[in-house]
Amino acid sequence: MKTLVILISGRGSNMRALLEAELPVDRIIVISSNPNAEGLKTAADKGVQTACINRQTFSDRLAFDTALSDEIDRYRPDLITLAGFMRILTDDFVFRYHRRLMNIHPSLLPSFTGLHTHRRALHDGVKIHGCTVHFVTPELDHGPIVIQAAVPVFSNDTEKSLAERVLVQEHRIYPQAVRWFLQGRIKLSANTVTITDTCVHNSVIYSPELQK
Ligand code: GRF
């Protein structure tokens with residue numbers, strides 16, 4: 001019996017992508033840190049079990065993380081996925097779920113860790129941007145990388161248009177990473193992830209395109 005826990009705080013579009021991916025899993029539980037998260041309603045409408053550990057009702061991060069891990073442990077999940085979960089977790093929490101805690105981040109890590117990734121990418125004038133699924137380690141947005149998707153940055157991009165282009169790819173790579181994990185195809189050694197029986201194309205992305 002395979003169990004997946006998805007942690008959310010808001011919109012929940014990555015959660016939706018995971019729920020709609022027909023993953024090889026027997027049970028999914030969505031836990032929100034925010035009782036008003038749009039994603040909670042989406043999950044409930046799909047008949048998925050939900051719970052809420054309201055961050056506002058805890059005086060500090062440790063108390064919140066303890067309550068959250070008590071809730072998570074009730075389900076004995078194989079994997080815990082952060083999907084727009086807007087809380088920084090304590091080291092103890094991260095160690096507790098070592099090698100089975102994943103996150104999606106809207107940049108090509110290790111560039112643009114933290115917040116406002118699209119705004120900062122535009123500010124810095126990068127020509128290629130993207131998203132990353134990685135295992136979570138105590139250092140924010142720094143764990144072993146499972147998969148990345150790259151998109152071009154256009155000269156007329158706004159923060160919104162760039163975020164939308166990246167989000168389409170987030171919804172593709174997160175279910176893929178979770179599927180690999182549940183299939184037992186992820187080998188993790190030190191800081192490197194290898195996926196068994198997969199291929200890498202020797203293709204190059206130019207942004208902008210080469211011209212004569
Ligand atoms: C996504 O861009 C994700 O990469 C980041 O927060 C956003 C959450 O969006 N961690 P959603 O709640 O999944 O729609």
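Mentor: The lining of the largest pocket divides into 15 nonpolar, 14 polar and seven charged residues (Ala, Val, Leu, Ile, Met, Phe, Trp, Tyr, Cys and Pro count as nonpolar, Asp, Glu, Lys and Arg as charged, the others, Gly among them, as polar). The model is predicted, with local features needing pLDDT of at least 70 and side-chain atom pairs pLDDT 80 or more, while totals for chains, interfaces and linings use all residues. Numbering starts from 1 along each chain as its sequence is written, and side-chain values use heavy atoms, without hydrogens and water.

The volume of the largest pocket is about 990 Å³ (the space filled by probe spheres set on grid points joined across faces, edges and corners). Gly84, Met86, Ile104, Pro106 and Leu115 are the closest to its centre among the 36 lining residues (a pocket is an open set of points on a 1 Å grid over the protein atoms alone where a 1.4 Å probe fits, with protein on both sides within 12 Å along at least five of seven lines; lining residues have an atom within 4 Å of a point).

Helix H6 (159–182) gives the largest share of this lining, five residues. At least two residues each come from H6, helix H1 (13–19), H4, E5 and helix H5 (117–124) (DSSP runs numbered from the N terminus: helices H or I, at least four residues; strands E, at least two).

H6 also gives two or more residues to the lining of the second largest pocket, as does strand E7 (145–152). There E7 has the largest share, four residues. That lining has eight nonpolar, five polar and no charged residues, and the second largest pocket holds about 450 Å³ of space.
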